[in-house]
Amino acid sequence: MSLESVLAPLQAALPGLEDLYTDLHRHPELSFAETRTAAELAKRLEADGYEVHTGIGRTGVLGVLRNGPGPKVMLRADIDALPVEEKTGLPYASTARGVDADGREVPVMHACGHDMHATWLSGAASLLAAGREHWSGTLMVVFQPGEEAGDGAVGMVRDGVFGPAGKPDVVLGQHVVPGPAGWVLTRPGVIMAATDALRITLHGRGGHGSRPETTVDPAVLAASVVLKLQTIVSREISATESAVVTVGSLHVGTAHNIIADHAVLEVNIRSFDQAVREKVVAAVERIVQGEAATAGAPKPPEIERIGAFPVTENDDAATEGLTAAFRDHFGESRVMPAPLVTGSEDFSEFGRAAGVPSVFWLVGGLDEGKVIAAMTAGRFEQDIPSNHSPLFAPIPHPTLSAGVETLVVAALHRLTHPGVG
């Protein structure tokens, strides 16, 4: 009955939540530039009676609602957008521009659904505040910047996000995915991959394109490195294990008749197991060093770590408890096991820093009929835009209500049943 009472105002709130969602979608902001977004979300928390702390980890927001004795439950949403030019054609499509970390002007889009995440959490925070007579404890609502940069969660932890209310007893979060809107997917243990990003500078000896014998050509060296890196997963990782190695960027030279003196590659590595992770990173470094030596490079390559995300791993007992609560609320047909996701998140940094259980789950956000039809035809990858695509845009309904409900269900499960999974 407490859950039904807390959720009762949701239908009336949906038009306002849709307005918030479309507003955030129209006005995306890059990592650590989310000033407008943070101000709007902080204003809403204040209106709902939360004690609000801003500027945590640069542009992060913490709302605290103390409501008597009981557990401390932390709910988290990320709020940053991506340097992607939107091509959805929606009436509320983004035309925003921003400046990236390298000082370049770029188009900006909520291509990963963080606008939906922020709206979900704002809506859930409002319902939980209005229904505080039905629960006891402390709510910690966190709007996190810089998830796409990989260090937003760590930045908030270092900047004292746990200071105002202390460490939570559990950390909860969710992500919109290109599944049928309203589906909820959970998974105990590892749910999302770790990421390691490397920038590799290969040194050659430049010269005229007509006299390659006088040079050490970094273009040829880079090509050799790219091809050799593809053997790591196929020849060094067991078929029963999993990893991905992608060379996402390669820059060399300025003109057709000039052999450059260096090449720069950016490599992205995904893994689910720490031992595999270490093995792959070591293999990349070994291959790069070896290929450079074989080519006669004038000096060793430079290998710089430019980003890393931890494995997102759910607490087994807490996940089992939340999954049961979701099934009770949504029904068996809408709650199902999540696949292993090769995408990465920094969400788990909060639970790790606090030393408490954390649970992260997925909520579908696209038209159910279109997704099912694409799956049936074996064309899901071809026909359904994924996160980070310029065509990715969750449908407002029923995605908005489903995501608000999952957060409320999860929060009340922990607030009204202290000590259980």
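Guide: Rings of Phe, Tyr and Trp, the last by its six-membered ring, count as a pair if their centres lie within 6.5 Å. In this predicted model, such ring pairs link Phe326, Phe330 and Trp361 into a cluster.

Visitor: Why is the pair of Tyr21 and Tyr92 edge-to-face?

Guide: Planes over 60 degrees apart count as edge-to-face. The planes of Tyr21 and Tyr92 stand at 65 degrees, with ring centres 6.1 Å apart, so this pair falls in that class.

Visitor: Which parts of the chain does this pair link?

Guide: The pair links distant parts, 71 residues apart: Tyr21 lies in helix α2 (residues 10-26), whereas Tyr92 lies in the loop between β3 (72-78) and β4 (97-99).

Visitor: Is Tyr92 buried or exposed?

Guide: A residue is buried when its relative accessible area is under 20%. Tyr92 has 10% and is therefore buried; Tyr21 is buried as well, at 0%.

Visitor: What is the strand order of the open sheet of eight strands?

Guide: In general, strands of a sheet pair through backbone hydrogen bonds, either parallel or antiparallel. Here the order is β1-β2-β6-β3-β7-β18-β8-β17, and the pairing is mixed. The edge strands, β1 (51-56) and β17 (335-337), each pair on one side only. On average, neighbouring strands of this sheet are turned by 25 degrees against each other, direction ignored.

Visitor: How do strands β8 and β18 run?

Guide: Strand β8 (residues 184-186) and strand β18 (residues 358-366) run antiparallel and are joined by two bridges. Val184 has Val363 as its bridge partner in β18.

Key:
Residues numbered from 1 in each chain as written. Predicted model: local features only at pLDDT ≥ 70, side-chain atom pairs only at ≥ 80, totals over all residues. Heavy atoms only, no water. Phe/Tyr/Trp six-rings, centres within 6.5 Å; stacked < 30°, edge-to-face > 60°. Helix = DSSP H or I, 4+ residues; strand = E, 2+ residues; numbered from the N terminus. Buried < 20%, exposed > 50% of the residue type's maximum accessible area, 1.4 Å probe, protein only. Pairing = 2+ DSSP bridges. Axes fitted to C-alpha atoms, helices over the stretch in contact; angles between N-to-C directions.
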